[in-house]
Amino acid sequence: MTDKRALRAALRAARDGFGSHAIIVPDAFLARLSAGLTVASYVPVGSEADPSPLARAAVDAGCVIALPHVVEPRLPMRFLRWDTEAALAAGPYGLSQPAYDAAELEPDIILTPLVGFDLVGNRVGQGAGYYDRAFAAHPRAWRIGVALSVQQVPTLTPDPWDVPLHAIATEQDWIVP
Ligand SMILES: Nc1nc2c(c(=O)[nH]1)N(C=O)[C@@H](CNc1ccc(C(=O)N[C@@H](CCC(=O)O)C(=O)O)cc1)CN2
Ligand SMILES: Nc1ncnc2c1ncn2[C@@H]1O[C@H](COP(=O)(O)OP(=O)(O)OP(=O)(O)O)[C@@H](O)[C@H]1O
């Protein structure tokens, strides 16, 4: 594949054509959950994989849910508390986000939307660097990619700032590099 932009376009097209499929909730994920942990989820846009099965399992285990909140690429993404029935506000890029003044939380687990991934935990995202910077800012968090199986590519060459995923959940597999 030529460059990251072309790769993103091809992977988004593949995802658009794949339809919606439920992400599996593996025992290894359930085993990491405990009451009081903060799990950062996200609200899918378009054909993105829906992390709800994982987030629901986290709620059932007594975890607190946070959602990403972005304003513009120069500012870091923050993870803000979300009480699962609370209304969300329209954000940039068609995102649904918590109100900007919701409590900011330190995530223990980050469910990460992917554009592409490989089997050793490298990922490609939207390209704005929000998750790259969040991984650097929260190095102790467990980094779980959430994707559809059609988003897998043979190899991604990581950039110097890339921090690999600890695992990837798809509708078919739980991939641990
Ligand atoms: N659901 C979801 N929430 C998220 C992200 C994400 O990737 N997915 N983010 C990840 O960083 C952050 C928001 N950052 C974003 C950065 C760029 C674009 C973007 O360029 N979107 C394209 C359309 C992409 C597509 O077709 O899939 C656009 O608006 O043109 C979107 C989100 C936080 N919340
Ligand atoms: N820790 C960091 N601090 C500052 N800038 C960073 C950091 N990590 C990455 N960036 C910048 O963010 C951009 C990320 O580009 P890249 O193509 O890797 O995006 P991506 O991984 O697809 O995006 P995302 O992290 O939003 O999913 C690059 O311009 C890079 O310089």
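Two residues are said to be in contact here if their C-beta atoms, placed from the backbone, lie within 7 Å. Helices (H or I, at least four residues) and strands (E, at least two) are DSSP runs, numbered from the N terminus. The structure is a predicted model, in which local features need pLDDT of at least 70 and side-chain atom pairs count only at pLDDT 80 or more, while totals for chains, interfaces and linings use all residues. Residues are numbered from 1 along each chain as its sequence is written, and chains are lettered from A and ligands numbered from 1 in the order in which they are written.

**The chain as a whole**

The protein chain holds 4 helices and 11 strands. Its radius of gyration, taken over C-alpha atoms, is 15 Å, close to the 16 Å that the globule rule (2.2 Å times the number of residues to the power 0.38) gives for 177 residues, so the chain is as compact as a globular protein of that length. Along the principal axes, the C-alpha atoms of the protein chain fill a box of roughly 40 × 35 × 30 Å. Among contacts between residues at least 6 apart in sequence, 71% join residues at least 24 apart.

**Burial and the core**

A residue counts as buried if 20 or more other C-beta atoms lie within 10 Å of its own, as exposed if 12 or fewer do, and as partly exposed in between. Buried residues make up 32% of the 177 residues in the protein chain. A nonpolar core is a set of buried Ala, Val, Leu, Ile, Met, Phe, Trp, Tyr and Cys residues joined through C-beta atoms within 7 Å; the largest has 36 residues, and those with the most contacts inside it are Val-39, Leu-54, Leu-111 and Val-146. Among the elements that give two or more residues to this core are strand 1 (38-40), helix 3 (52-60) and strand 6 (109-113). Val-146, not counting residues up to four places away in sequence, touches residues including Ile-23, Leu-54, Leu-111 and Ala-169.

In helix 3 the buried residues are Leu-54, Ala-55 and Ala-58. Seen down the helix axis, they fall within an arc of 95° (that of the directions from the axis to the C-beta atoms), so they line one face of helix 3. These buried residues pack against helix 2 (27-32), strand 1, strand 2, strand 6, strand 9 and strand 10. Helix 3 is followed by Gly-62, whose phi is positive, near 90°.

**Two loop residues**

Leu-165 lies in the loop between strand 9 (142-146) and strand 10 (167-169), and it counts as buried because it has 27 C-beta neighbours inside 10 Å. Glu-85, in the loop between strand 3 (78-81) and strand 4 (89-90), counts as exposed because it has 5 such neighbours inside 10 Å.

**The ligand shells**

A residue is near a ligand if its C-beta atom, placed from the backbone, lies within 6 Å of it. Ala, Val, Leu, Ile, Met, Phe, Trp, Tyr, Cys and Pro count as nonpolar, Asp, Glu, Lys and Arg as charged, and the others, Gly among them, as polar.

| Shell | Residues by class |
|---|---|
| Ligand 1 | 13 nonpolar, 3 polar, 2 charged |
| Ligand 2 | 6 nonpolar, 4 polar, 4 charged |

Of the 18 residues around ligand 1, Pro-68, Tyr-93, Pro-113, Gln-126 and Tyr-130 come nearest. Ligand 2 is surrounded by 14 residues, of which Gly-125, Gly-129, Tyr-131, Asp-132 and Trp-161 are the closest, and helix 4 (residues 130-137) gives the most to this shell, with 5 residues.
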